[in-house]
Amino acid sequence: MKTSLAICALAASLAMVAPAFADTDVKFALDWKFEGPSAPYFVAIDKGYYKAEGLNVTVDTGPGSVAGIARVAAGTYPLGFFDINSLVKFRDQNPDKAVKAIMMVYDKPPFAIATTTKTGIAKPKDLEGKVLGAPAADGAFAQWKAFVKENAIDDSKVKIENIGFPVREPMLADGKVDAITGFSFSMYFNLLQRNLKPEDIKVMLMSDYGLVLYGNAIMVNPDFAKANPKVVEGFVRATLKGVQDTIKDPESAIKSVMKRNETADEKTELARLKMALRDNFVTPWVKENGLGGVDMTRLAKSIDQIGITYDFKVKPKAEDVFTSEFLPPAADRKL
């Protein structure tokens, strides 16, 4: 009896010092490098928001949206941050792999065309008679046919030159092409690093010229979501807090990025973050409806618009691509 009592006492004392449960390890993949716009996830780590949800989150850089979505589908990463337009195509090509977006981050995508003032290009129609440099795998260039249609551009008058990502901005700066496609907050700051002045650079966001597309969203592996709905909910809840804090105080938020990318220039990354917050995160719709959700009617129209540039086998529906089931109430998602 004494031995049993001693064992019970020891167990009780251990229970007092041991955690109630171990944190769940979660691997999360970005689409690209640790740059300014990735601040919310690191803020959520540094402020303990994931920890408070019982999650031990690690964030990795990514290879771009197409390869990244495949990794989520395979379960290599249960969660990732990728372009929802690429997901629409992925779902069409892989109907048995039901990856879904669960939290919209870029209400407006950073797809853009950048040029310099000396080219005389001030509006989309001015691209006629010019040379457009575009990497074949570029997410922005993937929208070219829809952009052409919405802006009545005669694309037979635009010379498309397939160029690599590393030489894209240098070729524009050197005048070897007249315009380039890419993410707005990548091209703009890369051009500044080529010694162009802000007033020499013009960036046309495609969303300002007829495209209704959404941008990057958080996506989840379907098997992981089914087996761990509370983990997914907690991840989304904590991430939203990181986004809200980043919007309120980008100067503090960028410190969390710099701790993980010491070779980056803090001034550049802060400016990149502020540009993304202004153009992509905090739109009029988000101000009215809160972070994380989508307008399903607009999403359906965006899928129709993708159909201008892509031949669907069986066009996915909006509800195939996005679900709000893991989002907290709208009141908790307000700015």
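This is a predicted model: local features need pLDDT of at least 70, side-chain atom pairs count only at pLDDT 80 or more; totals for chains, interfaces and linings use all residues.
Trainee: OK, on to the largest pocket. Which helix gives the most to its lining?
Mentor: That pocket has a volume of about 1100 Å³. Of its 46 lining residues, the closest to the centre are Asp-31, Trp-32, Gly-64, Phe-165 and Phe-183. Elements giving two or more residues include helix 4 (65-74), strand 3 (79-83), strand 8 (179-183) and helix 12 (266-281). The top contributor, with five residues, is helix 5.

Trainee: Let's look at helix 2 against helix 10. Are they roughly parallel or roughly perpendicular?
Mentor: You describe two packed helices by the angle between their axes and the distance between the axes. For helix 2 (residues 39-46) and helix 10 (residues 229-248), the axes come within 8 Å and cross at roughly 110 degrees. Angles of 65 to 115 degrees count as roughly perpendicular, so helix 2 and helix 10 are roughly perpendicular.

Trainee: How many nonpolar residues are in the contact of helix 2 with helix 10?
Mentor: Helix 2 brings Ala-39, Pro-40, Tyr-41, Val-43 and Ala-44, while helix 10 brings Ala-238, Thr-239, Gly-242, Val-243, Asp-245 and Thr-246. By class, three are polar and one is charged, and the nonpolar count is seven.

Trainee: Helix 2 also packs on helix 11. At what angle?
Mentor: On the helix 2 side, the contact uses Ala-39, Phe-42, Val-43 and Asp-46, and on the helix 11 side Ala-253, Ser-256 and Val-257. That contact divides into five nonpolar, one polar and one charged residues. The two helices are roughly perpendicular to each other. Their axes are 8 Å apart, and the angle is about 85 degrees.

Trainee: Last one: how much space lies in the largest cavity?
Mentor: The structure holds one cavity of 30 Å³ or more. Its lining is Met-104, Val-105, Asp-107, Phe-281, Val-286, Leu-291, Gly-292 and Gly-293, which by class makes five nonpolar, two polar and one charged. The space inside the largest cavity is about 30 Å³.

Key: Residues are numbered from 1 along each chain as its sequence is written. Side-chain values use heavy atoms; hydrogens and water are left out. On a 1 Å grid over the protein atoms alone, a cavity is a set of points where a 1.4 Å probe fits but cannot get out, and a pocket is an open set with protein on both sides within 12 Å along at least five of seven lines; lining residues have an atom within 4 Å of a point. Grid points are joined across faces, edges and corners, and a volume is the space filled by probe spheres set on the points. Helices (H or I, at least four residues) and strands (E, at least two) are DSSP runs, numbered from the N terminus. Axes are lines fitted to C-alpha atoms, for helices over the stretch in contact, and angles run from 0 to 180 degrees between N-to-C directions. Angles under 35 degrees count as roughly parallel, over 145 as roughly antiparallel, 65 to 115 as roughly perpendicular and the rest as oblique. Contact means heavy atoms within 4.5 Å. Ala, Val, Leu, Ile, Met, Phe, Trp, Tyr, Cys and Pro count as nonpolar, Asp, Glu, Lys and Arg as charged, and the others, Gly among them, as polar.
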